[in-house]
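Let's take a walk through this one together. Have the viewer open and follow along.

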Amino acid sequence: MSSNSNTETIIIIDFGSQYSRLIARSIRELNVYCEIVSHKSTWEDIKKSNPKGVILSGGPASVYETNAPLAPNWIYDQDIPVLGICYGMQLLVHQLDGVVEPSDKKEFGHATLNTTDTNNSLFKGISENSSVWMSHGDKVNVLPDGFEILAFTENSPIAAMGNSDGYFGLQFHPEVVHTEEGKIILKNFVEFCGCAQNWTTKNFVDQSILDIRNLVKDKKVICALSGGVDSVVAASLVSRAIGDQLTCIFVNNGLMRKEEPERILDTFSKNLSTNIIYKDASELFLNSLKGVTDPEQKRKIIGNKFIEIFDEESNQLGEVDYLVQGTLYPDVIESQVSGDDISAKIKTHHNVGGLPEEMKLKLLEPLRYLFKDEVRKVGLELGLPTEIVNRQPFPGPGLSIRIVGEVTQEKLNILRLSDWIVMDEMKDSGLYHELWQSFAVLPDSRSVGVTGDHRTYGEVIAIRAVNSSEAMTADWARIPYDILSRMSNRICNEVPGVNRVVYDITSKPPGTIEWE
C-alpha cells in the first residue's frame with residue numbers, strides 16, 4: 001500500500017546512513033511521498049513508484065574503497081533530479097569522474113556554510129552564512145565536468161555543488177535539526193523536482209480504500225487486533241473499504257498490561273462496526289516462552305504463535321485469503337533495513353521479521369509505509385476518537401520484551417503492577433499524552449535492600465520515558481523529580497518483591513526505546 005502510478009515519489013537510496021529515516025521524515029512533512037530503497041534496486045523496481053527525484057543518503061563507507069556501495073546506473077540514465085548528501089555527494093563526484101580523497105581535517109559537528117550563489121534553486125531563501133551539521137572524513141578534491149561550487153565551509157572548500165542537469169550535492173546533512181535551514185533546502189529540492197506537494201492524509205485514505213477493494217475483491221479478510229493505535233487504524237481502514245468481508249480477531253496473549261484485555265474489548269465494541277472474535281491464548285503463549293531468554297527468539301516465537309492462531313480461526317470462518325496487520329514503516333526499516341548488508345538490522349519485529357517463512361494467509365498491511373504520527377492523522381481522518389488515536393505505543397510482543405530474561409507468571413505480575421503505577425502517575429500529572437512512551441521494565445537483576453529493619457534481596461524496576469515523533473530517534477524525558485519520587489515510593493511499597501527503582505536516561509541512539 002505504498003504509492004501508485006498517480007503518486008509522486010521521492011526515492012531515497014540508502015547507503016547505511018543513521019540519518020536516512022530523518023530524510024524520509026523531512027520529505028513526508030513537505031506533503032511529498034517518499035520511500036527508502038536499497039542501492040541495489042533496479043529501475044524496474046523503482047519506475048512503478050513514479051519517481052520525481054532521487055536522494056542519495058550518507059553512509060559509513062568511503063567511495064574509493066574496494067567494494068564500496070555505488071549508486072545504481074539508472075539514476076544517471078533517467079532524466080530525474082538527484083540530490084547527494086554527504087556520502088551521496090561523494091558518490092556523484094566519484095561516479096562522474098571527479099576526485100574524492102581523505103580529508104586532512106575531519107569535520108564533525110557545526111560548521112558555517114558560506115553560499116556562493118544564493119540565486120541557485122537549491123539555496124533559494126537561504127542565508128549567506130548558515131549553520132550546518134557536518135559528519136565526514138573525506139572531501140571532494142576535484143569536481144566532475146559541468147559542476148560548480150555552490151557553498152563552502154572553513155574545512156570544506158566544496159561543501160555544496162550542482163550542475164545544469166539537476167544534480168546537486170551537499171557535504172552537510174540538511175535533514176538534521178542542527179542544520180538551521182535544512183528544511184528550506186529540502187523544500188527547494190522537491191519544488192525543483194516539480195512535486196505538487198499534495199500527498200495528504202485524505203488522499204492517502206481515499207487511495208488506500210480503492211487499493212484495498214481492488215486487491216481483496218470478494219475475498220474474506222481477518223485482522224489481528226492488538227489494541228494499539230496501529231491495528232485499530234488498520235482495521236478501521238480495511239473495514240471502510242470492504243465492510244463485513246472483514247472479521248477482527250483479538251488474541252489475549254497473556255502479555256498485556258493490567259486490565260488491558262477488558263478495556264480493549266470495550267473500545268473495539270464501541271468504535272468498530274465489524275465482527276470481533278476474542279481468543280484467550282494466555283497459557284499457550286506463556287508455555288511457549290518457558291526457558292527462553294533471547295529477545296529475538298521471544299519475538300519470533302510470539303509471531304509464529306499469532307499466525308498459528310489466526311490460521312486456526314480463519315479455518316473456522318471458511319476460506320480466508322488475507323490477514324491485516326498494523327505494520328508501520330519503522331517496523332519494516334528496523335527489521336529489514338533496505339534489504340542489503342550495508343545497514344545493520346536493529347531488531348526483529350514480531351509482525352515483520354518474526355513471521356514464519358510459510359504462511360497460508362497473504363498479508364495486507366495498509367499502513368506499511370507510514371510513520372506513527374502519520375497513522376494518528378489517518379485515524380483522526382477516519383473519525384476514530386482521540387483517546388484511541390493518542391494512546392502511547394505498546395509493542396506487539398507485549399510485556400515479554402520488557403522482562404529481561406525468561407518470562408514467568410510471577411515476573412508478569414510484578415511488571416504489570418509496576419507499569420500500572422507508572423501509567424497512573426503519568427496520567428495524574430498530565431504528562432501521559434505529552435510523552436511518546438512511558439512504562440516500566442523488569443531487568444534480570446536483584447538488589448539488596450532494607451524493609452522494616454530486615455534485609456531484603458528484591459527485584460529492580462526500571463522506569464523508561466521518552467520523547468519522539470516517529471520512534472526512529474528518541475530522547476529520554478526529563479520527568480520532574482517529585483513525580484519520579486512518587487513512582488518509586490509507590491512501586492517499592494505496593495509491588496511485592498521490589499526494593500529498588502531506577503530511571504533510564506538513555507536516548508535512541510545509542511539505545512532503543514524498548515529494552516529488548
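This is a predicted model: local features need pLDDT of at least 70, side-chain atom pairs count only at pLDDT 80 or more; totals for chains, interfaces and linings use all residues.

Residues are numbered from 1 along each chain as its sequence is written, and side-chain values use heavy atoms, with hydrogens and water left out.

Start at strand β9, residues 167–170. Strands here are DSSP runs of E with at least two residues, and helices are runs of H or I with at least four, numbered from the N terminus. In a regular strand, side chains alternate between the two faces of the sheet. In β9, Y167 and G169 point one way while F168 and L170 point the other, and all are buried, meaning under 20% relative accessible area with a 1.4 Å probe, protein chains only.

Now for the partners of β9; two strands pair if DSSP finds at least two bridges between them. β4 (residues 82–85) runs parallel to β9, joined by four bridges, and V82 sits opposite Y167. β8 (residues 160–162) pairs with β9 in the antiparallel sense through three bridges, with M161 as the bridge partner of G169. β8 and β9 make a hairpin with four residues between them, and G166 in the turn has a positive phi of about 90°.

Next, hop over to N188, in helix α5 (residues 182–192). Is N188 buried or exposed? N188 counts as buried because its relative accessibility is 6%. Setting aside neighbours within four places in sequence, N188 is in contact (heavy atoms within 4.5 Å) with S121, L122, F123 and K124. N188 and F123 are 65 residues apart along the chain, yet their C-alpha atoms are separated by 7.2 Å.

How values were computed: Buried means under 20% relative accessible area, exposed over 50%, partly exposed in between (1.4 Å probe, protein chains only).
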